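Visitor: Please walk me through this model. Keep it brisk.

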Amino acid sequence: MAKSETVRNAEKLMESAMRGNDASHDSAHVFRVRNIALSLAVEEGLSSSPYSMEIVELAALLHDIGDYKYVRDLSEEKIVENFLEEEGVEESKKAKILQIIKRMGFKDELSGIGNFEYFPEFGVVQDADRLDAIGAIGIARCFTFGGSRKRVLHDPAIKPRLDVSKEEYMKKEEQTTVNHFHEKLLKLKDLMKTKAGQRRAEKRHKFMEDFLKEFYEEWDGRA
C-alpha cells in the first residue's frame with residue numbers, strides 16, 4: 001500500500017524531532033514500533049479499515065515526539081498537535097491519535113490516566129511500543145538508556161521499587177538499570193491489551209527472565 005503524503009511528512013517530522021536522542025529512543029525505535037503496530041493491527045482485524053490503519057500508523061510514528069525524558073523546550077509538547085492541524089487530518093482521527101499518544105505511557109497507567117475504555121487502535125499502538133521495550137531489543141534499549149544517563153548498572157543494596165507511583169517512577173536518580181526490569185519491563189507482558197500482543201510478549205518476556213537469571217549468576221561469580 002502506497003504511503004500517504006501525511007505519513008511521509010510524519011516520518012520526516014519524527015526523524016527531525018528525535019535527532020540527537022540516544023539509541024534507546026531514536027528513529028529506529030519508532031520505525032520498529034510502526035512496523036509492529038501495523039502487523040498487530042492486521043492480526044487484530046483492523047486492516048480492512050484504512051481509517052483505523054492511518055490512525056495506527058500516525059500515532060506510532062508520532063508517539064515519542066515531546067517525550068518528557070527528552071523534552072528540551074516546552075513548545076515541543078505542541079509539535080504533534082500542530083502537525084496534525086497543518087496536515088488537515090480530520091477531527092475524529094486527530095482526536096484518537098492524540099488520545100493514544102497522551103495516554104499510552106507506562107507512567108500514565110501508574111497514575112490511572114491509562115485506565116479507560118480504550119479503542120482497538122489504542123491497544124495496538126500501546127502494545128507495539130511495549131513489545132519494543134522487552135525481549136532482546138528491550139534489553140539493549142534498557143542498557144543504552146541507563147548508560148546515556150550514567151546510571152549504575154547494578155547494586156544489590158538498592159532494591160527495586162515494586163509498587164511505585166507515577167511521581168516516584170519518573171524520579172530515577174537513585175535507581176539502577178537492572179532494577180528497571182523489575183519496576184517496569186517484567187510487568188509489561190501482563191499489561192498487553194490485544195491478543196496478538198499477548199502472544200508475542202510471551203517469548204520476549206521469557207528471554208528477559210533467562211537473561212536476568214544469567215546476569216545475577218555472573219554478577220555473583222556463580223557462572
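**Helices, pocket and rings**

Guide: We start with Lys195, which is found in helix α11 (residues 195-219). The model is a predicted one.

Visitor: Is Lys195 buried or exposed?
Guide: The cut-off for exposed is over 50% relative accessible area. Lys195 has 57% relative accessibility, so it counts as exposed.

Visitor: What distance separates the C-alpha atoms of Lys195 and Glu44?
Guide: Along the chain, Lys195 and Glu44 are 151 residues apart.

Visitor: What span should helix α1 have, at 1.5 Å a residue?
Guide: Helix α1 covers residues 5-17, which is 13 residues. The expected span is 1.5 Å times one less than the number of residues.

Visitor: Which helices do the buried residues of α1 pack against?
Guide: The buried residues of α1 are Thr6, Val7, Asn9, Ala10, Glu11 and Met14. They pack against α2 (27-43), α3 (50-62) and α4 (79-86).

Visitor: Which helix gives the largest share of the lining of the largest pocket?
Guide: The largest pocket has a volume of about 990 Å³. Its lining has 41 residues, with Asp64, Asp67, Tyr68, Lys69 and Lys107 nearest the centre. Helices that each supply at least two lining residues include α5 (91-103), α7 (120-131) and α8 (135-148). The largest share, 5 residues, comes from α8.

Visitor: How are the rings of Phe143 and Phe211 arranged, stacked or edge-to-face?
Guide: The count of aromatic pairs comes to 9. In the pair of Phe143 and Phe211, the centres are 6.0 Å apart. Planes over 60 degrees apart count as edge-to-face. The planes of Phe143 and Phe211 stand at 70°, so the pair is edge-to-face.

Visitor: Which parts does the pair of Phe143 and Phe211 tie together?
Guide: The pair ties together parts that are 68 residues apart in sequence. Phe143 is partly exposed at 23% relative accessibility, and Phe211 is partly exposed at 26%. Phe143 lies in helix α8 and Phe211 in helix α11.

Visitor: What is the angle between the planes of Phe215 and Trp219?
Guide: Phe215 and Trp219 are 4 residues apart in helix α11, so about one helical turn separates them. Phe215 is buried at 13%, whereas Trp219 is partly exposed at 38%. Their rings are stacked, 5.8 Å centre to centre, and the angle between the planes is 20°.

Technical notes. Residues numbered from 1 in each chain as written. Predicted model: local features only at pLDDT ≥ 70, side-chain atom pairs only at ≥ 80, totals over all residues. Heavy atoms only, no water. Buried < 20%, exposed > 50% of the residue type's maximum accessible area, 1.4 Å probe, protein only. Contact = heavy atoms within 4.5 Å. 1 Å grid on protein atoms, 1.4 Å probe; cavity = no way out; pocket = protein on both sides within 12 Å on 5 of 7 lines; lining within 4 Å. Points joined across faces, edges and corners; volume = space filled by probe spheres on them. Phe/Tyr/Trp six-rings, centres within 6.5 Å; stacked < 30°, edge-to-face > 60°.
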